[in-house]
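Visitor: I would like to learn how to read a fold from its coordinates. Please take me through one example.

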Amino acid sequence: MADIIYKYKDSVYANITNKCNCSCTFCIRSLKDGIGSADTLWHTKNPTKEEVIDAIRNFDFDGFNELVFCGYGEPTCALDILLEAAKVAKEEKNLKTRLNTNGLGNEENKRNIVPELSKVIDSVSISLNAPDSLKYQEVTRPSYEGAFDKMVDFAKKCRDHIKDVKWSIVDVLPEEDIKRCQKLSEDTGIKLRIRHFS
Ligand code: SF4
């Protein structure tokens, strides 16, 4: 089985599923099999809740104060595992928890999952990727119609229930698109992180 817990740069990550409801043109999964300490992040079979929890319990988090849910898949596609694993990370390992997500978890799970997330997730980073629906569809190729608006709605719900919420984009976007993303960030009061492409 692929690594469930792996280190990359200064953080520890949980790779809880390979399932995803997007097919982003830039997805790192099409470029290499693993990141950081993990030779591969492709599971031969998606891990069970028990396997993820065991991996967290058995990992030495010495020197780390946060666990980031982010791997070769969208964590909210394995919501029950995400919620239970985050609870264990907080209660048993005294860690902060961060969710990196494409923001389509409400659509995926057919309900508003933000109240449940807010109990066990301290910060959320949502991939904005584009300033409008048309460009978002082209870049992320989501499974759902109207996904941009659904992602924005999810971000606003997170803003209202979770202390630390950010959108992220990569600095390869055209300058005009970056400005429009900044405007959306200002209009919604959701911080925007512009990551350097590497
Ligand atoms: S949402 Fe994330 S895991 Fe899914 S295709 Fe896009 S970049 Fe890849």
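Guide: Start with the elements: helices (H or I, at least four residues) and strands (E, at least two) are DSSP runs, numbered from the N terminus. Asn106, for example, lies in helix H3 (residues 105-109). This is a predicted model, where local features need pLDDT of at least 70, side-chain atom pairs count only at pLDDT 80 or more, and totals for chains, interfaces and linings use all residues. Residues are numbered from 1 along each chain as its sequence is written, and side-chain values use heavy atoms, with hydrogens and water left out.

Visitor: How many helices and strands does the protein chain have?

Guide: Seven helices and seven strands. From the N terminus, their order is β-β-α-β-α-β-α-α-β-α-α-β-α-β.

Visitor: In what order do the strands form the sheet?

Guide: First, pairing: two strands pair if DSSP finds at least two bridges between them. Here seven strands form an open, mixed sheet, ordered S1-S2-S3-S4-S5-S6-S7. Strand S1 (5-8) and strand S7 (191-195) are the edges, each pairing on one side only. Inside the sheet, S3 (residues 66-69) and S4 (residues 96-101) run parallel, joined by four bridges. Glu66 stands opposite Lys96 in S4.

Visitor: What packs on the sheet?

Guide: Contact means heavy atoms within 4.5 Å. Axes are lines fitted to C-alpha atoms, for helices over the stretch in contact; angles run from 0 to 180 degrees between N-to-C directions. Helix H7 (residues 175-188) packs on the sheet and touches strand S6 (164-170) and S7. The direction of H7 makes about 155 degrees with that of S7.

Visitor: Is Asn106 buried or exposed?

Guide: Buried means under 20% relative accessible area, exposed over 50%, partly exposed in between (1.4 Å probe, protein chains only). Asn106 has 15% relative accessibility, so it counts as buried. Beyond four places in sequence, Asn106 touches Arg111, Asn112, Ile113, Val114, Phe154 and Lys157. Across the protein chain, buried residues make up 49% of the 198 residues.

Visitor: Which residues have the most contacts inside the largest nonpolar core?

Guide: In soluble globular proteins, nonpolar side chains tend to be buried together. A nonpolar core is a set of buried Ala, Val, Leu, Ile, Met, Phe, Trp, Tyr and Cys residues joined through side-chain atoms within 4.5 Å. The largest here has 55 residues; Leu67, Phe69, Leu117 and Trp167 have the most contacts inside it. Helix H2 (residues 79-93) gives the most to this core, with eight residues. A second, separate core has seven residues, including Tyr13 and Tyr72.
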